[in-house]
Amino acid sequence: AAIMSLVVLLPLALYINWRLAILLFALCVVFTVLTTLVVRKTYGMQSDVETYYGDLSARASDALGNVALVQSFVRVDAEVQGVRFVADKLLAAQMPVLSWWALVTVITRASTTITILAIFTVGIVLHQQGLTTVGEIVMFVSFATLLIQKLEQVVSFINSVFMEAPRLAEFFNVLDAVPAVRDRPDAIDTGRLSGLVEFHDVSFSYDGKRPAVEDLSFTALPGQTIALVGPTGAGKSTAIALLHRAFDPQSGFIKIDGMDVRGLTLTALRRNIGVVFQEALLFDRTIADNLRVGKPDATDEELRLAAQRAQALEFIERGERGFDTNAGERGRMLSGGERQRLSIARALLKDPPILILDEATSALDAVTEAKVNAALDEVMKGRTTFVIAHRLSTIRNATRILVFDGGRVIESGTFDELVAKGGRFAELAKAQFMVQESARASLQAR
């Protein structure tokens, strides 16, 4: 609007009295030159300022998000000093930018005052020569005042855009980014699937050098429970991530109900898969809101049933507000076991045909784990379940166990078959059960 005002005002002034209009044009030139000069001078500096803003935000968030660690290791003063150091660098970078714009403000204000005085001075001379009237002089003073207001608005707008430009650039970079995993133009939504999962020679690498999974092939029939075991970094979580398309395989393909997962829309695929992560991920909202993430239209009765089956109803109702209790940031108002049970209840509420349990009971005590496992056994009936487990005692009843090592499946079979084979799984089972028996004997001795 200010720019359009200038487009109308300057030609009008030129039409009324070109001699006095020259002074207004000179004022515009001064504003333009100063603004261009400062923008060029400070653009790179402002980019550095935004980098420091990001560093400060990240440092503060990191310290506050790990406040228990900071306090227990007596790091409060050190973290405060760290935040202060980044803030000092931010101010050191920001002050020169603000100083340049302050200089522009001072000079432009001075130039406007000079311009008005010049209009009076030149106007008097022109009036004495009969080249202008007193009315035109008064009009041009009003023009100058109006022009100054519009120029200041334009400079303020340019200043705002300039200050936000680095953030806007980052925003548009994200907005324009093309996801590596996205829907194909011909992707379809098939509704509820039955849960037949097939991996055919699937390979994937994060860095293009070392494969995370390599030539992975297996089939999971509807209703079966497939356990994935092996050392950390063996490829278990990567295989499951490929199933719900956190990534796409570089070679091979994955099918559900005979359809390539890449031929399904992401919404349709993930609607049919429920995941209970090793780390319970909760929003800073009520327990009910967190449970309804899987099923937004769930009734209160459905919430209670899912919580009951996950052994979570007791601690929920123990709170003063029940399902309206706030879980806190990342669920910090709840214990680890409570967070995990809510995560399980959320997956149960979603009622997917395919269920993924990534160390789902790792944060539970032995008594609660037994209860949750009993509930999960009931829930897993009729749906394809993938269990990533390090504690082998939790997968005794799995339909099939896949033993991973180096991104490959090196053994496959039931629990008893693998133990009888005497291979890698048998070694893991023997080591774990020996440790448990030793611990049990030590407790009995006490």
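This is a predicted model: local features need pLDDT of at least 70, side-chain atom pairs count only at pLDDT 80 or more; totals for chains, interfaces and linings use all residues.
1. Helix α1 (residues 2-16) and helix α5 (residues 134-176) have axes that come within 10 Å of each other and cross at roughly 155 degrees. Angles over 145 degrees count as roughly antiparallel, and α1 is therefore roughly antiparallel to α5. The crossing of these two helices is left-handed.

2. Helix α1 contributes A2, I3, S5, L6, L9, L10, L12, A13 and I16. From helix α5 come E136, M139, F140, F143, L146, L147, K150, L151, Q153 and V154. Sorted by class, the contact of α1 with α5 holds 15 nonpolar residues, two polar residues and two charged residues.

3. The next element to consider is strand β1, which spans residues 197-205. Is this strand mostly covered or mostly uncovered? Strand β1 is mostly covered, as seven of its nine residues are buried.

4. One partner of β1 is strand β2 (residues 211-220); the two run antiparallel and are joined by six bridges. Within this pairing, F199 stands opposite F218 of β2, and V202 stands opposite L216 of β2. The hairpin of β1 and β2 has five residues between the strands. In that hairpin, G208 takes a positive phi near 80 degrees.

5. Strand β1 is also joined to strand β4 (residues 251-256), again in an antiparallel arrangement, here through five bridges. In this pairing, S203 has S251 of β4 as its bridge partner.

6. R346 lies in helix α11, which covers residues 336-350. Is R346 buried or exposed? With a relative accessible area of 11%, R346 is buried, because the cut-off for a buried residue is under 20%.

7. Which residues are in contact with R346, leaving aside its neighbours within four places in sequence? They are L281, L282, N290, L291, V293 and G294. A reader inspecting the model may view these residues together with R346 and helix α11.

Definitions and conventions. Residues are numbered from 1 along each chain as its sequence is written. Side-chain values use heavy atoms; hydrogens and water are left out. Helices (H or I, at least four residues) and strands (E, at least two) are DSSP runs, numbered from the N terminus. Buried means under 20% relative accessible area, exposed over 50%, partly exposed in between (1.4 Å probe, protein chains only). Contact means heavy atoms within 4.5 Å. Two strands pair if DSSP finds at least two bridges between them. Axes are lines fitted to C-alpha atoms, for helices over the stretch in contact, and angles run from 0 to 180 degrees between N-to-C directions. Angles under 35 degrees count as roughly parallel, over 145 as roughly antiparallel, 65 to 115 as roughly perpendicular and the rest as oblique. A crossing is left-handed if the near helix is turned anticlockwise from the far one by less than a right angle, and right-handed if clockwise. Ala, Val, Leu, Ile, Met, Phe, Trp, Tyr, Cys and Pro count as nonpolar, Asp, Glu, Lys and Arg as charged, and the others, Gly among them, as polar.
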